[in-house]
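Here is a short tour of a protein model, meant to be read with the structure open beside you. Let's begin with its strands and then move on to a helix and the core.

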Amino acid sequence: MNLDFNNKKVLVRVDFNVPLNDKYKITDDTRIRAALPTIKHILKAGGAVILMSHLGRPQKKLNEDGSINREKFSLQHLIPHLNKLLRKKVQFSEETVGKNAKKLAKALQPGEVLLLENTRFHKEEAAGDEAFAKNLASLAKLYVNDAFGTAHRAHASTTTVAQFFKAKAKSFGFLMQKEIENANRLLHDPEKPVTAIIGGAKVSDKILLLDRLIDFVDHLLVGGGMAYTFLKAQGGNVGNSLVEEDKLDLALKLLKKAADKNVKIYLPKDSVIADRFAADAKTETKYSSRIRKGWMGLDIGEKAQKEFSEVILKSATILWNGPMGVFEMPAFAEGTKAIAKAVAKATKKGAFSLVGGGDSVAAVNQMGLAEEVSYVSTGGGAMLEFLEGKELPGIKAIHT
Ligand code: AMP
């Protein structure tokens, strides 16, 4: 954010992809709040802010006649709340690009804010189309990308647009900077011991992450549905638990790589098992590798909670991605809660903790522990790809 914003028009890509209820009221404004420091900074520095974002997936949820549902996916619904948060009247352009958008942008004065309509109303956005990006770029002198949540997509407004601004005319916003700094703190020379807690549904979604983590962590705690593929690969009986049969070999390879590198992988010793996948299923707690036919592991058990928590409390650096069980159902949320508490406690003792990835973030928020960990990432897929070591197109575009 080392740009001179005074008297300049600044095109700012934000992630305002917030959940709306059926009356188009925002139900969680975290993403909007996360972008406020950048917007306020530019306004204070004498700039005029032109905001652009996507909202939902309008190209996937077309009207019956094949047209865009402009009502449902309009960013206009955000204006009243933005007015409140910024304490000023935010202008709205019904066009994302075009004559009118240009007119509004041209008339914008320092200290004023203009929000452009949903970038995804145009197919060209996801295609990373140059002409569309050039039209967006023509609205402003400077470009700031603060949308970490979409930094892994090479879209027009997150990536292509940046090529129309010289190196000295573009920058990350504060949120992007923070996300990158925190992820780098974990990836580069973290204080040891380093523990990664990985959960969620499937091994297949996190193969690259697990493989990369084994290169530098000391402890790897594996929970959630993905643990049962590892347990089965080791010869355990996991009943009807979620197993990816085609990933059994891979699970063994990861276990071997970890053993070769002296990384300890912890699988849940015990599990809360259920006779069906339902909130009111019959439940018991059993050893995870002795789950009988017809039953399935839906959460880590008390022994596992205790063992995982002990490892977490000994750690100096902690990454948490993915829930330990089907935490959306109260009967299977205890494992995830115990881990959230342990991460908060370790942080209080001085550990650096990064919570990244959609569902573990939701869990930490649900429990009101977001302030008690070091950093909660706003970008699910983007953070995952960053941690996997991929170069995110939205980040590269600012550097080149
Ligand atoms: P992910 O998006 O990969 O982080 O996965 C999150 C999802 O995994 C949540 O919706 C959980 O309900 C689900 N999940 C966690 N543990 C289990 C389990 N043991 N069996 C089935 N699904 C699970």
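## Strands around E5

In this predicted model, strands E5 and E6 (residues 170-172) run parallel to each other, joined over 3 bridges. Look for Asn-145 here: its bridge partner in E6 is Phe-172. E5 also pairs with strand E1 (residues 9-13), again in the parallel sense, over 4 bridges. In that pairing, Val-12 has Val-144 of E5 as its bridge partner.

Which way do the residues of E5 (residues 142-145) point? Leu-142 and Val-144 point one way, Tyr-143 and Asn-145 point the other way, and all are buried. In a regular strand, side chains alternate between the two faces of the sheet.

## Helix H6

Helix H6 spans residues 174-187 and reaches 20 Å from its first C-alpha to its last, close to the 20 Å expected for its 14 residues. Its buried residues are Leu-175, Met-176, Glu-179, Ile-180, Asn-182, Ala-183, Leu-186 and Leu-187. These lie on the same side of H6, because they cover an arc of only 165 degrees around the axis. Just after H6 comes Asp-189, with a positive phi of about 55 degrees.

## Nonpolar cores

The largest nonpolar core has 104 residues, and Leu-11, Phe-16 and Leu-220 have the most contacts inside it. Helix H1 (residues 30-44) gives the most to this core, with 7 residues. Domain 1 (9-176) and domain 2 (189-387) each supply at least three residues to this core.

A second, separate core has 27 residues, among them Ala-304, Phe-308, Val-311 and Val-364.

Conventions:
Residues numbered from 1 in each chain as written. Predicted model: local features only at pLDDT ≥ 70, side-chain atom pairs only at ≥ 80, totals over all residues. Heavy atoms only, no water. Helix = DSSP H or I, 4+ residues; strand = E, 2+ residues; numbered from the N terminus. Expected span 1.5 Å × (residues − 1). Buried < 20%, exposed > 50% of the residue type's maximum accessible area, 1.4 Å probe, protein only. Arc of directions from axis to C-beta. Pairing = 2+ DSSP bridges. Core = buried A, V, L, I, M, F, W, Y, C linked by side-chain atoms within 4.5 Å. Domains from an automatic or database assignment.
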